[in-house]
Amino acid sequence: MSPLALVASGSFEPPSAYDFWHPLVGDGPFALTRPMILIAFSVLVLAVFFLVTSNRRAMVPGKLQFAAEGVYGFVRNGVALDILGRREFRPYVPMLFTMFTLILVNNVFGIIPFIQYPTFSRIAFPIALTLIVFVVYHAIGIRRRGLGGYFKSLMPAGVPIILAPLVYLLELATYFITRPLTLALRLFANMFAGHMMLLVFALGGEYLLLHTDSVVLQAASIGSFLMFILMTFFELLVQALQAYVFVLLAAFYIAGSLEDAH
Amino acid sequence: MEGSLNAVGYGLAAIGPAIAVGLIFAAYINGVARQPESRGLLQPIAILGFALAEALAILGFVLAFVLG
């Protein structure tokens, strides 16, 4: 059978969005699902790790303390200090650091054997984090300039009066729709698509190896599994990058609210 | 042949962001090659541009599923 005929015959079921639905207890909207357990587990892991490393700190850091300080230093200096500026970055470091570590650990869950589920491939989780960022950057802006002043400050300076209403509408859409939408969807879609891609190679390879009777197709499964391994490493890169991009954008949005004038 | 045309549409839609991301990183590499010290300054800017260009691809990806 040719590969196309194989797909057309309908015996191979490609992975779909339903492969991400894993209820453990119950079903329907109030089911206890696998990502819920995983995010609770990740909070536990992070809390224990950072409590242990910060309680047993020494002048000469051990390996664990070095790792913990490295991650903290990366977020503090590489993101908060660079984007928010020396004067005001301090209050926002804990939030950015928590988000970065939470996203990183939950993303890496996607490729850890036996866990293998990126929590943020369920859209509700990125939405929850995005809501926090959304409230924070608007709250900072409103607290700085007052409600009217904040909405006035969304207007970029130096726009010709004829274009002003159009530009203002676009800016409003950017701040209230595009920014939160893309922030949540970016994390979700990257995790979802990445995991789906791994599923395609794993399930496709398994099908070729075990459910076909031609030797050529069975040999082709080696290529599929090789791609699976390669893509797993690529996923690790994407997962770390997305955690970084999320906090970078969050810091960037907060910096926009901290600025005196646009 | 079966399948969703949405996948083809998304493939076409991804060309634009793909070129954009390529251009951004080409510019970043160029900048760092000319002025290696500027790396720390350019990196967040490059990643930011990448994230903004990628947003379009993400919207296309989600629409491909939603409209399916």
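Start by selecting helices H4 and H5 of chain A, which pack at an angle of about 165° with their axes 12 Å apart. Axes here are lines fitted to C-alpha atoms, for helices over the stretch in contact, and angles run from 0 to 180 degrees between N-to-C directions. H4(A) is therefore roughly antiparallel to H5(A); angles under 35 degrees count as roughly parallel, over 145 as roughly antiparallel, 65 to 115 as roughly perpendicular and the rest as oblique. The helices are DSSP runs (H or I, at least four residues), numbered from the N terminus.

This is a predicted model, in which local features need pLDDT of at least 70 and side-chain atom pairs count only at pLDDT 80 or more, while totals for chains, interfaces and linings use all residues. Residues are numbered from 1 along each chain as its sequence is written, chains are lettered from A and ligands numbered from 1 in the order in which they are written, and side-chain values use heavy atoms, with hydrogens and water left out.

**The H4-H5 contact, chain A**

Show side chains for A:Met95, A:Met99, A:Leu102 and A:Ile103 in H4(A), which meet A:Leu129, A:Ile132, A:Val133 and A:Val136 in H5(A). Contact means heavy atoms within 4.5 Å. By class, this contact has 8 nonpolar, no polar and no charged residues. Ala, Val, Leu, Ile, Met, Phe, Trp, Tyr, Cys and Pro count as nonpolar, Asp, Glu, Lys and Arg as charged, and the others, Gly among them, as polar. H4(A) passes H5(A) in a left-handed crossing; a crossing is left-handed if the near helix is turned anticlockwise from the far one by less than a right angle, and right-handed if clockwise.

**The loop between H4 and H5**

Next select A:Phe114, in the loop between H4 and H5 of chain A. Most residues other than glycine have a negative phi. A:Phe114 has a positive phi of about 75° although it is not a glycine. With a relative accessible area of 83%, A:Phe114 is exposed; buried means under 20% relative accessible area, exposed over 50%, partly exposed in between (1.4 Å probe, protein chains only). A:Gln116 is also placed in the loop between H4 and H5 of chain A, and its phi, near 40°, is positive in a residue other than glycine. A:Gln116 is partly exposed, at a relative accessible area of 37%.

**Back to H3 and H4**

Select H3(A) together with H4(A): their axes are 10 Å apart and the packing angle is about 125°. H3(A) and H4(A) are therefore oblique to each other, and H3(A) passes H4(A) in a right-handed crossing. The H3(A) side of the contact includes A:Val71, A:Tyr72, A:Phe74 and A:Arg76, and the H4(A) side includes A:Phe97, A:Phe100 and A:Thr101. By class, the contact of H3(A) with H4(A) has 11 nonpolar, 1 polar and 1 charged residues.

**Salt bridges**

How many salt bridges does the structure hold over all chains? There are 2, a salt bridge being a side-chain nitrogen of Lys or Arg within 4 Å of a carboxyl oxygen of Asp or Glu.

Select A:Arg144 and A:Glu88, whose side chains meet in a salt bridge (2.8 Å, N to O). A:Arg144 lies in helix H5 (residues 124-153) and A:Glu88 in the loop between helix H3 (63-84) and helix H4 (93-108) of chain A, so the pair ties together parts that are 56 residues apart in sequence. A:Arg144 counts as partly exposed at 42% relative accessibility, whereas A:Glu88 counts as buried at 18%.

Now select A:Arg186 and B:Glu54, which form a salt bridge with their closest N and O atoms 3.4 Å apart. A:Arg186 lies in helix H6 (residues 164-210) of chain A and B:Glu54 in helix H3 (residues 39-66) of chain B, so this pair joins two chains. Both A:Arg186 and B:Glu54 are buried.

**Last stops**

Go to A:Glu171 in helix H6 of chain A, which is partly exposed at 22% relative accessibility. A:Glu171 touches A:Leu154 and A:Pro156, not counting residues up to four places away in sequence.

A:Ser224 lies in helix H7 (residues 215-258) of chain A and is buried, with a relative accessible area of 12%. Leaving out residues up to four places away in sequence, A:Ser224 touches A:Phe201, A:Gly204 and A:Gly205.

Finish in chain B at B:Ser38, found in the loop between helix H2 (15-34) and H3. B:Ser38 is buried, at a relative accessible area of 17%, and touches B:Gly31 and B:Val32, not counting residues up to four places away in sequence.
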